[in-house]
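Here are some working notes to read beside the model. Please keep the sequence and the 3D view open as you go through the points.

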Amino acid sequence: MGKKPIVIGVAGGSGSGKTSVTKSIFDHFTEKSILMLEQDYYYKDQADVPMEKRLQTNYDHPLAFDNDLLIKHIESLINYDSVKKPVYDYTLHTRSSHVIEVEPKDVIIVEGILVLEDERLRNLMDIKLFVDTDADLRIIRRMLRDIKERGRTIDSVIEQYVTVVRPMHNQFIEPTKRYADVIIPEGGHNHVAIDLMVTKIQTILEQKEIL
Ligand SMILES: Nc1ncnc2c1ncn2[C@@H]1O[C@H](COP(=O)(O)OP(=O)(O)O)[C@@H](O)[C@H]1O
Ligand SMILES: Nc1ccn([C@@H]2O[C@H](COP(=O)(O)O)[C@@H](O)[C@H]2O)c(=O)n1
């Protein structure tokens with residue numbers, strides 16, 4: 001392997017298409033060259049917090065995340081050491097008892113709403129992306145996804161969006177766009193932006209002579 005893995009940060013609002021962009025990039029490579037760390041998996045553990053309190057947690061505030069652990073894991077992977085990535089359960093609002101053993105790779109993608117908010121995380125990144133999608137599309141996408149995949153109701157998604165997600169987005173997420181090297185409009189189906197990123201990563205991997 002080459003000297004140091006490349007770290008790519010993918011930020012953007014909830015429902016903007018971060019995961020879709022990351023997966024589309026991912027699918028162009030073999031598993032031996034690229035790995036993904038989801039900031040969501042690094043929400044603070046709430047195993048000891050009662051469920052009624054978990055429902056009141058602000059999951060869109062920077063303090064909701066265990067960035068210390070995320071940074072520790074990125075630093076280990078940069079040194080080509082494996083890590084035990086936590087697994088997050090959105091229905092229980094805490095980490096599951098499982099972990100995923102992640103082997104080091106030459107490309108590390110770190111994806112999440114607030115990955116560009118923490119200066120320590122930004123300093124570990126070689127390329128910073130911000131997926132920029134209008135608020136109306138984000139709420140529609142989130143509504144469909146959260147009901148289908150995260151065990152939520154229409155009422156709960158609307159209530160959370162209006163009281164927490166929207167204000168936190170405006171206060172903490174949107175301002176991090178200024179740190180991005182590349183802004184990707186519309187997210188998951190932006191094939192031009194995805195192809196550009198794939199080409200860039202391929203070039204880096206070719207330089208490392210591992211393709
Ligand atoms: N360009 C797009 N057009 C339509 N739906 C999309 C698009 N990009 C993503 N989606 C859908 O919107 C939902 C949220 O996308 P996701 O990639 O999970 O966003 P994020 O990770 O930013 O929250 C998913 O169900 C996904 O399939
Ligand atoms: N228990 C939780 C944890 C997080 N959320 C919401 O997830 C959003 C971030 O994930 P995306 O895939 O949408 O980027 C964030 O906006 C939190 O509100 C949650 O609802 N419950």
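**Notes on the model**

1. Leaving aside neighbours within four places in sequence, N190 is in contact with I184 and P185. Contact here means that the C-beta atoms, placed from the backbone, lie within 7 Å. N190 sits in the loop between β7 (182-185) and α7 (191-207). Helices (H or I, at least four residues) and strands (E, at least two) are DSSP runs, numbered from the N terminus. N190 counts as buried because it has 20 C-beta neighbours inside 10 Å. The cut-offs are these: buried needs 20 or more other C-beta atoms within 10 Å of a residue's own, exposed 12 or fewer, and partly exposed falls in between, with C-beta atoms placed from the backbone. P175 is 15 residues from N190 along the chain, and their C-alpha atoms are separated by 22 Å.

2. Basis of the notes. This is a predicted model: local features need pLDDT of at least 70, side-chain atom pairs count only at pLDDT 80 or more, and totals for chains, interfaces and linings use all residues. Residues are numbered from 1 along each chain as its sequence is written, while chains are lettered from A and ligands numbered from 1 in the order in which they are written.

3. Helix α7. Its 17 residues should span 24 Å at 1.5 Å a residue, and the end C-alpha atoms of α7 are 24 Å apart, which agrees. The expected span is 1.5 Å times one less than the number of residues. Which residues of α7 are buried? They are A193, I194, M197, I201 and I204. Seen down the axis of α7, these fall within an arc of 95°, so they line one face of the helix. The arc is that of the directions from the helix axis to the C-beta atoms. The buried residues pack against β1 (6-12), α1, β5 (107-111) and β7. The face of α7 turned away from them carries exposed residues, among them H191, T199 and E206.

4. Helix α5. α5 has 15 residues and reaches 20 Å from first C-alpha to last, close to the 21 Å expected at 1.5 Å a residue. R138, R142 and D146 are its buried residues. Seen down the axis of α5, they fall within an arc of 50°, so they line one face of the helix. Part of their cover comes from α6 (154-173). On the face of α5 turned away from the buried side are the exposed residues D136, I140, L144 and K148. Just after α5, G151 takes a positive phi of about 65°.

5. The loop between β1 and α1. Both G13 and G15 lie here. G13 counts as buried because it has 28 C-beta neighbours inside 10 Å. G15 is also buried, with 25 other C-beta atoms within 10 Å. Beyond four places in sequence, G13 is in contact with I113, T133, R138, H169 and I173. An unreviewed UniProt entry annotates G12, G13, S14, G15, S16, G17, K18 and T19 as "binding site". UniProt positions are given in the numbering used here, feature names are shortened, and annotations may be inferred rather than shown by experiment.

6. Ligand 1. What lies around it? There are 14 residues, and K18, T19, S20, R141 and G188 come nearest. A residue is near a molecule if its C-beta atom, placed from the backbone, lies within 6 Å of it. α1 (18-26) and α5 (135-149) each supply at least two residues of this shell. The largest share, three residues, comes from α1. The shell divides into no nonpolar, ten polar and four charged residues. Ala, Val, Leu, Ile, Met, Phe, Trp, Tyr, Cys and Pro count as nonpolar, Asp, Glu, Lys and Arg as charged, and the others, Gly among them, as polar.

7. Ligand 2. 13 residues surround this ligand, and the closest are S14, Y59, D60, H93 and I113. The shell divides into five nonpolar, four polar and four charged residues.

8. V164. This residue is in helix α6. V164 counts as partly exposed because it has 16 C-beta neighbours inside 10 Å. Residues up to four places away aside, V164 touches N58 and D60. V164 and D60 are 104 residues apart in sequence and 7.0 Å apart in space, C-alpha to C-alpha.

Notes
Two residues are in contact if their C-beta atoms, placed from the backbone, lie within 7 Å.
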